[in-house]
Amino acid sequence: MSIDLKSYEPGRFYDEMLARPNRARPFVTRLVGHLRKMADEDLEARQAAADLAIKEMGITFTVYSEEEGTIDRNWPFDIIPRVIPASEWTRIEAGLKQRVRALNLFIDDLYHEQKIVADGVFPAEVLSESKNFRPQCVGAKPPLGIWAHICGSDLVRDADGTMYVLEDNLRVPSGVSYMLENRQVTKRVFPELFEDYAPLPVDEYPNQLYDTLAALSPRKTRRPEVVVLTPGIYNSAYFEHAYLAQQMGAELVEGRDLFVDDDDCVYMRTVYGPQRVDVIYRRIDDEFIDPEAFRADSMLGVRGLLRAWRAGNVGLANAPGAGVADDKVVYAFVPDIIRYYLDEEPGIPNVPTWRCMYKKERDYVLAHLEDMVVKPANESGGYGMLMGPTSTKAERETFTR
């Protein structure tokens with residue numbers, strides 16, 4: 001997959017605060033005026049206060065380095081807030097909702113009748129080569145046909161201000177905890193801004209997440225037992241796993257804390273004995289969630305979990321197999337997917353993308369490789385990419401081959 005970066009040359013980025021030099025955009029006039037009144041020393045002091053707050057609150061993420069091993073780093077935070085006017089956000093919100101509706105219909109179709117393939121809208125060869133299509137999930141019927149309950153779509157602006165979807169994350173989307181904590185830190189270092197602006201609240205996210213998960217419970221109890229399944233403390237997003245579990249009042253568990261009994265029900269080991277689990281918010285990739293169904297060498301998952309889910313005895317979010325739509329090639333077809341299932345035009349466009357499976361598009365990519373980002377179909381996290389504008393001739397030759 002290739003994305004044209006010609007419009008992202010140095011000096012041609014969209015300035016979200018200034019319409020032109022020294023002229024603020026209308027929706028940030030008060031913010032810019034406030035910042036102009038502040039001395040550099042005051043801004044530096046507030047940035048230092050934010051950094052200290054992040055350290056005290058333990059907001060970290062884990063990075064892996066061959067030289068230094070596993071390292072916990074404090075979350076980087078810029079105290080200057082990013083303001084999106086309500087009129088624009090309304091369009092973005094509608095576009096994202098449209099996108100996730102279509103993607104869920106697409107996933108459900110692929111695991112059942114595959115009409116979109118039969119109708120020639122989505123290529124059969126793309127499906128057959130997908131590393132994230134799970135044959136073990138064919139015929140499964142999650143509640144309401146929803147496979148991806150949480151979706152993280154990355155947004156990016158072009159030089160003219162157009163907002164694009166850069167990619168969709170449906171396997172194990174992460175990052176929301178940092179957004180929630182960012183808001184809290186901003187309130188601490190810039191409380192006066194909340195007198196001038198009334199930003200849409202984000203504090204209810206943990207409660208809404210819990211309600212979404214609880215709705216998946218196969219048992220209609222007053223308060224279903226919801227757990228967050230984490231790979232453990234060495235995972236890069238462990239802070240988020242622990243944070244969301246705490247905010248929801250849910251148990252944070254690892255695979256060894258759960259087991260599936262002979263009736264295909266999931267239980268949690270506790271000091272009071274086994275306790276039935278109704279819903280699992282899993283933060284582990286498909287391949288590792290169940291050694292019986294997927295990778296036999298996995299030490300992270302729960303044996304028999306897929307069996308319990310297919311039997312309707314436990315809710316899983318996101319559902320196994322949802323990652324089939326979390327693919328760089330599928331991304332290029334999302335506008336067609338929206339038109340096919342919803343009979344609507346996409347509310348948010350894709351970044352201009354060329355599919356190298358087609359000769360005409362591949363030839364264009366090869367002729368403009370210096371201006372492209374080239375992505376492998378089934379990778380995530382930035383692995384295996386070519387950043388054309390910063391690449392060497394040798395790297396481009398490798399990608400050409």
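## Charged pairs and cores

A: Asp286 and Arg282 join their side chains in a salt bridge, with N and O 2.7 Å apart. Both residues are buried. Keep in mind that this is a predicted model.

Q: With which other residue does Asp286 form a salt bridge, and how far apart are the closest N and O atoms?

A: Side chains of opposite charge can pair when their charged atoms come close. Here the partner is Arg134, and the closest N and O atoms are 3.2 Å apart. Asp286 belongs to helix H10, while Arg134 sits in the loop between H5 and strand E6 (152–157), so the pair ties together parts that are 152 residues apart in sequence.

Q: Is Asp286 buried or exposed, and is Arg134 buried or exposed?

A: The cut-off for buried is under 20% relative accessible area. Asp286 has 5%, so Asp286 is buried. Arg134 has 11%, so Arg134 is buried as well.

Q: What is the relative accessible area of Arg295, and which residue does Arg295 meet in a salt bridge?

A: Arg295 meets Asp297, with N and O 2.9 Å apart. Arg295 has a relative accessible area of 34%, so Arg295 is partly exposed. Asp297, at 49%, is therefore also partly exposed.

Q: How many salt bridges are there by this rule, and which residues are linked in a network?

A: The count comes to 26 salt bridges. Glu16, Arg82, Glu88 and Arg157 are linked in a network of them.

Q: Which residues touch the most other members of the largest nonpolar core?

A: A nonpolar core is a set of buried nonpolar residues joined through side-chain atoms. In the largest, with 48 residues, they are Phe106 and Ile280. Helix H12 gives the most to this core, with eight residues. Not counting residues up to four places away in sequence, the contacts of Ile280 include Val227, Leu258 and Leu305. A second, separate core has 38 residues, including Val28 and Leu244.

How values were computed:
Residues are numbered from 1 along each chain as its sequence is written. This is a predicted model: local features need pLDDT of at least 70, side-chain atom pairs count only at pLDDT 80 or more; totals for chains, interfaces and linings use all residues. Side-chain values use heavy atoms; hydrogens and water are left out. A nonpolar core is a set of buried Ala, Val, Leu, Ile, Met, Phe, Trp, Tyr and Cys residues joined through side-chain atoms within 4.5 Å. Buried means under 20% relative accessible area, exposed over 50%, partly exposed in between (1.4 Å probe, protein chains only). Helices (H or I, at least four residues) and strands (E, at least two) are DSSP runs, numbered from the N terminus. Contact means heavy atoms within 4.5 Å. A salt bridge is a side-chain nitrogen of Lys or Arg within 4 Å of a carboxyl oxygen of Asp or Glu.
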